[in-house]
Amino acid sequence: MNAKVRRRAASIGLIIGFFLLWEFLCLAFGVRDLVLPRPSQIIITLFQRLPAIWPHAVQTIYTTLMGFGLGIVLGVMIGTLIGSSRLAYDVAYPLLVGFASTPKVAVVPIFVLWFGAGTVPAVLTAMLLCIFPIVVNVATGLATTEPELEDVMRALKASRLDILINVGLPRAMPYFFASLKVAITQAFVGTVIAETVASNRGIGNLMMIASSNFDVPLVFAGLLILAALGVSLYLIFSFIEAKTTGWTRRQDEFAVH
Amino acid sequence: MSLAYDTAQAAVIGTNEPFVELQGVTHTYGRDERQVMALTETDLAINSGDFIALVGPSGCGKSTILKLVSGLISASSGYVLVAGREVGAVPVRVGMAFQNPTMLPWLTLRDNVMLPLKIVQPFRAEYRSKRKTEFRDRVEALLSQVGLGGFSDKFPWQLSGGMLQRASLCRALIHEPQLLMLDEPFGALDQFTREELWAVMQDLWMSRKPTVVLVTHDLKEAAYLANRICVMQARPGRIIEDSTVPFPRPRTVEMTYSPDFVSLTHNLREQIVHASPPKKQAA
């Protein structure tokens with residue numbers, strides 16, 4: 001416990017140290033804020049222009065969560081389909097890898113072509129980026145069900161659906177929640193990319209406009225907002241993961257030996 | 001209420017027909033050149049309420065018989081009859097327990113044991129209404145019969161291997177199966193726990209009288225628990241000897257050291273050693 005507290009303190013110290021060093025180096029070498037603004041300048045800009053930045057942040061969160069939600073629904077469906085049979089898993093995997101390795105940024109112009117610039121392409125890009133980790137994890141979770149357990153269930157004349165609901169899906173839950181942490185950050189990346197390329201709202205768009213106006217402190221303020229949002233989303237889903245799938249870790253801590 | 005559920009078994013007890021019957025059953029795994037013959041031309045008849053043990057070297061088709069009888073796989077040729085009809089034709093409740101207890105880690109012991117009631121008819125229809133009352137009491141009663149009273153709210157990772165194996169037996173029995181399939185259920189336990197569980201298993205069988213097929217490597221275990229022991233041979237798998245165990249019940253661990261018992265297990269051992277194909281280095 002003591003070691004844990006010390007480690008946490010060291011992490012916080014490192015983060016603060018990073019910003020202090022940044023501030024100090026900028027001052028020491030007289031770096032102009034057109035190139036690299038100091039953290040203090042960024043924070044001042046952030047607070048001064050918060051009313052203007054805030055709607056963009058809300059838009060980005062909204063788009064990310066929409067894409068993420070769609071990604072979860074589709075991802076769980078596809079993952080369940082693929083994971084429920086060995087054959088489907090083997091057959092579909094190469095195609096899935098193909099989709100996963102295609103740079104998703106390249107798809108944004110196509111979405112713009114289909115749906116016009118705005119929120120829709122951003123939501124779809126977010127969905128596309130976050131869907132793969134969910135599909136793979138859900139499918140893996142289902143595919144790793146112990147064969148003996150399946151025998152027990154089949155001897156009870158359980159249907160495939162019974163096995164899926166009672167054994168497969170609960171067993172895939174830790175994999176699913178682990179994938180959400182990754183997926184939410186991916187969705188966030190997708191949103192910002194799409195906003196940068198083809199949107200008139202959102203933090204990505206704000207940063208594009210600010211940089212074309214050489215308003216560098218505002219660009220960095222946008223970056224800071226993105227970092228804060230990304231970290232909070234990650235933390236929220238780590239927390240949910242820990243709450244819902246405690247049984248996977250407790251094993252070591254409390255087992256009776 | 002258990003009377004109503006036992007009609008399938010009662011119908012068979014009334015006649016002289018065996019509850020489970022294998023007629024000239026051959027089973028092969030794999031295809032073409034890689035084919036492995038797990039079981040060849042096997043006949044076996046098991047009476048209702050009997051307790052038989054299958055012993056023999058690895059690869060002799062013991063587990064294959066279990067899977068055939070419980071309908072998990074279908075025979076390459078020959079007939080597998082349960083309750084007088086082709087396996088699966090008559091709905092027979094089957095319970096299974098393996099060497100690995102395979103409890104679901106996210107459920108309490110109670111919910112783990114209750115799982116078959118959620119799946120198997122006629123319990124399934126009443127599961128929602130009786131889950132918190134009658135079924136719950138039934139699980140508690142069974143758990144205390146195997147010495148796990150007061151543990152039903154624990155999770156599997158809070159219990160020892162022996163306790164989990166007891167729970168696994170409960171899960172195999174909670175839906176009052178007519179057929180109980182045990183695939184080396186005590187194989188991974190230490191000597192003392194194993195002997196304790198033999199007594200538990202004997203109690204359970206004597207109080208409920210399901211038809212039991214036990215697969216085991218342990219000759220002492222087979223002789224302690226079973227009414228009949230079938231010795232099997234590997235490559236190709238078949239039954240070479242079928243003997244009854246004469247000892248009165250309830251049997252005790254003390255009895256396993258009596259001269260009669262020792263000579264029985266010794267005799268079984270001889271048969272298995274002679275039946276084994278010669279070792280590779282000798283060939």
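**Exercise 1.** Against which elements do the buried residues of α7(A) pack?

*Solution.* The model is a predicted one, in which local features need pLDDT of at least 70 and side-chain atom pairs count only at pLDDT 80 or more, while totals for chains, interfaces and linings use all residues. Residues are numbered from 1 along each chain as its sequence is written, and chains are lettered from A and ligands numbered from 1 in the order in which they are written.

Begin with the helix itself: Asp151(A), Val152(A), Met153(A) and Ala155(A) of α7(A) are buried, a residue being buried if 20 or more other C-beta atoms, placed from the backbone, lie within 10 Å of its own. Helices (H or I, at least four residues) and strands (E, at least two) are DSSP runs numbered from the N terminus. The buried residues of α7(A) pack against α8 of chain A and, in chain B, against β6 (94-98), α4 (109-119) and β7 (179-183). Just after this helix, Lys157(A) takes a positive phi of about 65°.

**Exercise 2.** Describe the side of chain A that touches chain B, by element and by class.

*Solution.* First, 21 residues of chain A are in contact with 21 residues of chain B, where contact requires C-beta atoms, placed from the backbone, to lie within 7 Å. Next, α7 (147-155), α8 (160-198) and α11 (247-254) of chain A each supply at least two residues of this side, and the largest share, 7 residues, comes from α7(A). Finally, the side has 12 nonpolar, 2 polar and 7 charged residues, with Ala, Val, Leu, Ile, Met, Phe, Trp, Tyr, Cys and Pro counted as nonpolar, Asp, Glu, Lys and Arg as charged, and the others, Gly among them, as polar.

**Exercise 3.** Work out the strand order of the open sheet in chain B, and which helices pack on the sheet.

*Solution.* The 6 strands run in the order β6-β7-β8-β3-β9-β10 (chain B), with mixed pairing; two strands pair if DSSP finds at least two bridges between them. β6 and β10 (238-244) of chain B stand at the edges with a single partner strand each, so one side of each is left without a neighbour in the sheet. The twist from one strand to the next averages 15°.

Angles run from 0 to 180 degrees between N-to-C directions, and axes are lines fitted to C-alpha atoms, for helices over the stretch in contact.

**Exercise 4.** How are α3(A) and α9(A) oriented to each other, and which residues meet?

*Solution.* The axes of α3 (residues 50-83) and α9 (residues 203-212) of chain A come within 7 Å and cross at roughly 135°. Angles under 35 degrees count as roughly parallel, over 145 as roughly antiparallel, 65 to 115 as roughly perpendicular and the rest as oblique; the two helices, α3(A) and α9(A), are therefore oblique to each other. Ile53(A), His56(A), Ala57(A) and Thr60(A) in α3(A) meet Ile203(A), Asn205(A) and Leu206(A) in α9(A), a contact that has 4 nonpolar, 3 polar and no charged residues.

Technical notes:
Two residues are in contact if their C-beta atoms, placed from the backbone, lie within 7 Å. A residue is buried if 20 or more other C-beta atoms lie within 10 Å of its own, exposed if 12 or fewer, and partly exposed in between; C-beta atoms are placed from the backbone.
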